[in-house]
Structure formats: structure tokens, C-alpha cells
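Work through the exercises below with the coordinates open. Each task is followed by a solution in steps.

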Amino acid sequence: MNAAARKAAAAAGSGGMGRGPALVLALVAAGAFLISYNFFAMLLHGGAGAGAAAVARDPVVPMPAWMRETAGGEARRRPFHVALTATDAAYSRWQCRVMYYWYKRMQALPGGEAMGGFTRVLHSGKPDGLMDEIPTFVVDPLPAGKDHGYVVLNRPWAFVQWLQKAKIEEEYVLMAEPDHIFVKPLPNLAHDNDPAAFPFFYITPSEHETIIRKYYPKERGPVTDIDPIGNSPVIIKKTLLEKIAPTWMNVSIQMKEDEETDKTFGWVLEMYAYAVASALHGVQHILRKDFMIQPPFDTQLGNTFIIHFTYGCDYSLKGELTYGKIGEWRFDKRSFSDGPPPRNLTLPPPGVPESVVTLVKKVNEASANLPRWDDGI
């Protein structure tokens, strides 16, 4: 029985018979709804076979009404710890500073009650110049050569060490990245043992079944059990992450060392590894399209919580997107690999979408308020 239904049943039992048949009927109705929801959720995840999967083209499982109604109140009682994996490179440092600035801003606003502690998990093996500015836990990188030049392979290993060695008071963890900017307070989108994640359009396990079966054999279940996600952003119970993280690390390394898998998955290999590791532990995620947006392809903020600035934003002076070609106006984090962008970046020309304008304004506000920005500490 669902936890909410169990609580309702316990309350009914302790209230005596005075509330009578009406309460019993209400509980039966609620139970029927939950059973129906679980059944349809299974269909959307492919649990009833290929026919159901063909009908359900959108992989997002809607949040049930009872969960949506209680999410706000529960979020205030279920804080999550923000864990940001990073290196000591200048490119990573300035992004971490902007990210932490906006975390603090959103945490202080009404609705930010679920945004608990914050840790930059630094997998460079030694302290850097941000130790006094951002709460940081230093862990070791993989042994020399083990990441094969793919620095992201250090992320699961960093989480394994942090979870083993750090004292984390919160029950939940948000796995985040340096190029995330909070644009409004983030509630706890997870529910009990159901973590919340963002569905990526380019993570498509069903299109790579031959490769996926190397790590998720048929006896474990259909490939549709594997969510179209990476590890970030994900809000998950710490106890679940403690089980998944070592598997995620091992699968990541196995994938990187397999030539076919490495060639096929490329820079998103570690994301596939997290999705596979979760499925191996029987964990599926509530998929939240509103978790974040990715400019320039997502043009409006809508009700999102995070801007993920992984893509370059290139526009003509007429406000036309010139993706794949350097624009007359551009913002691309890769342009600032050796140090932070200058303060007061030029805003986009008229006609550029809200998401891109907001992104640049957020970076400008952070750089204007952070000390020694130009020093690139």
C-alpha cells in the first residue's frame, strides 16, 4: 500500500467507528486510484510490453494528484542537500561561484525551505582558492589514466567517496552541476523512494538496446525500465544513492573501456551509466520536464527551477538563432575556459528569447556581487 494510504488507514483505525462507512468508502476510492495510477505508470514505463510502450510516446509519468496537492507542505519538511561535483579548473570555478550565488539567493526566498545544505564535491584531490567561499569536500580523482581523458568519469567516484566519508544531515540529495543556475526556489520534487529527474531527449536507451544489454541483461527486465535521464539534476534519497553510486561508478568505467559503447554514447556515456545503474537497483524516477530548461532551444522560463547553460547561444543582431555558426552576439561558457567572463556582459539584441536574456542577466548579477571576480579565483 502507498505510504499516504497507510497513514490514512492508520488514522481511520484510531478514530473508532463513529466516522463509519463514509470514511471506509473514501479509503477504498483512494486505494483504487492509487492502484490505477501504479498500473498506468507501469504501462508508461513499458512494464506491459511493446504495445503499451508504442502508445505512450511521452516518457514522462505524470505526478498523481494527491502527490501534487501535498508537495508544497512536504517539501518544507523534507530538505535536500545540494551536491555539486567540480574540478579546480578556472572553467569550473567561475561556474561554481555563479551557481552557489544563486543557490543562496533562492534558498533565502519564501519557498526555499527545502533547499538545505550545500557541498561542492571537489574531485581534484587537493584544496583550491574557493574553500572559504563555497562549502567544499575534497575527494580523490580516479587513478591516473583511468578516466581515459573523460573527466566526467570522476563524478560517480566522487559521489562514492563523499557519501562514505561526509556527514550529510539531510535525508535527500540534489545532484547538480556547475552550469546550473537556480531561477526560483526549488521544492523537494522527490517522493519517498521515488526520486525526481529531468528527462533528456538525447538519452534514448530503447534505441541502443544491443549496447544496453551488455550492462542490463534481459533477465533484469525490458530496456524501457531504464529512464531517459542522467544523474543531474536528480533529487534522491541518500540511502538510495548510497546503493546506486558504486554501481554507477563501475558501469561508467565498463562503458568507457568498451570501444563500441564509448563510440556510441560519447560525452553522455556517464549519463547512460547512471540510468542503467538505477534500473539495476530497481529504481525509477519521477520525470519532471519543469525541472530545468536548456537555452537556446528552450525559449521561455515557464515554471522551471533551473537554467542549464550547456549549449552555446549564438544570434544575429536581428535576434535570429545561428546555432552551429558563431553569431554576431554570443554567450558560450566554453569561450571562458581560462577564466571568468567579464563583468556586465552585453545583453542579447532585441528578439532573443527570454531564457537567454535571463541567463545573461543572472551571470551579470552574480559577477557584479562576487568579490575578486576578475581575479578568477
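**Exercise 1. Overall make-up**

What percentage of the contacts in the protein with a separation of 6 or more comes from residues 24 or more positions apart?

Solution. The model is a predicted one. Residues 24 or more positions apart account for 70% of the contacts with a separation of 6 or more. The protein has 377 residues, of which 54% count as buried. Its secondary structure consists of 11 helices and 12 strands.

**Exercise 2. Two aromatic pairs**

Classify the ring pair Phe200 and Tyr202, then the ring pair Phe265 and Tyr272.

Solution. 

Step 1. The structure holds 19 aromatic pairs. One of them joins Phe200 and Tyr202, with 5.3 Å from centre to centre and 45° between the planes. Planes under 30 degrees apart count as stacked and those over 60 as edge-to-face, with the rest called tilted. The pair of Phe200 and Tyr202 is therefore tilted.

Step 2. For Phe265 and Tyr272 the ring centres are 3.8 Å apart and the planes meet at 5°, so this pair is stacked.

Step 3. Buried means a relative accessible area under 20%. Phe200 has 4% and is buried; Tyr202, at 18%, also counts as buried. Phe265 and Tyr272 are buried too.

Step 4. Phe200 and Tyr202 belong to one aromatic cluster, together with Phe198, Phe201 and Trp267.

**Exercise 3. Charges over rings**

Which rings have the charged end of Arg78 and Lys184 over them?

Solution. Arg78 places its charged end over the ring of Tyr172, at 5.3 Å from the ring centre. Lys184 lies over the face of Phe305, and here the distance to the ring centre is 4.7 Å.

**Exercise 4. Helix H8 against helix H10**

Describe how H8 and H10 cross, and list the residues in contact.

Solution. 

Step 1. Two packed helices are described by the angle between their axes and the distance between the axes.

Step 2. Helix H8 covers residues 238-257 and helix H10 residues 269-280; their axes come within 8 Å and cross at roughly 135°. H8 is therefore oblique to H10.

Step 3. The crossing of H8 and H10 is right-handed.

Step 4. On the H8 side, the contact is made by Ile244, Thr247, Trp248, Val251, Ser252, Met255 and Lys256. H10 contributes residues including Leu269, Tyr272, Ala273, Val276 and Leu280.

**Exercise 5. Helix H5 against helix H11**

Is H5 roughly parallel or roughly perpendicular to H11?

Solution. 

Step 1. The axes of H5 (residues 90-107) and H11 (residues 354-369) come within 9 Å and cross at roughly 95°.

Step 2. Angles of 65 to 115 degrees count as roughly perpendicular, which makes H5 roughly perpendicular to H11.

Step 3. The contact uses Val98, Tyr101, Trp102 and Arg105 from H5, and Lys362, Glu365, Ala366 and Asn369 from H11.

**Exercise 6. Leu287**

Locate Leu287 in the secondary structure and relate Leu287 to Ile229.

Solution. Leu287 lies in strand E8, residues 286-287. With 2% relative accessibility, Leu287 is buried. Ile229 is 58 residues away from Leu287 in sequence, and their C-alpha atoms are 8.4 Å apart.

**Exercise 7. Backbone exceptions**

Solution. 

Step 1. Most residues other than glycine have a negative phi, and most peptide bonds are trans.

Step 2. From Ser232 to Pro233 the peptide bond is cis, with omega near -5°. Pro233 is placed in the loop between helix H7 (209-212) and strand E7 (234-237).

Step 3. Another cis peptide bond joins Pro295 and Pro296, with omega about 5°. Pro296 is found in the loop between strands E9 (292-293) and E10 (306-308).

Step 4. His148 has a positive phi, near 55°. This residue, His148, sits in the loop between strand E3 (136-138) and helix H6 (154-165), and at 44% relative accessible area His148 is partly exposed.

Step 5. For Asn344, phi is likewise positive and near 55°. Asn344 lies in the loop between strand E12 (329-331) and H11. Its relative accessibility is 65%, so Asn344 counts as exposed.

Technical notes. Residues numbered from 1 in each chain as written. Predicted model: local features only at pLDDT ≥ 70, side-chain atom pairs only at ≥ 80, totals over all residues. Heavy atoms only, no water. Phe/Tyr/Trp six-rings, centres within 6.5 Å; stacked < 30°, edge-to-face > 60°. Buried < 20%, exposed > 50% of the residue type's maximum accessible area, 1.4 Å probe, protein only. Lys NZ or Arg CZ within 6 Å of the ring centre and 35° of its normal. Axes fitted to C-alpha atoms, helices over the stretch in contact; angles between N-to-C directions. Helix = DSSP H or I, 4+ residues; strand = E, 2+ residues; numbered from the N terminus. Parallel < 35°, antiparallel > 145°, perpendicular 65-115°, else oblique. Left-handed = near helix turned anticlockwise from the far one by under 90°. Contact = heavy atoms within 4.5 Å.
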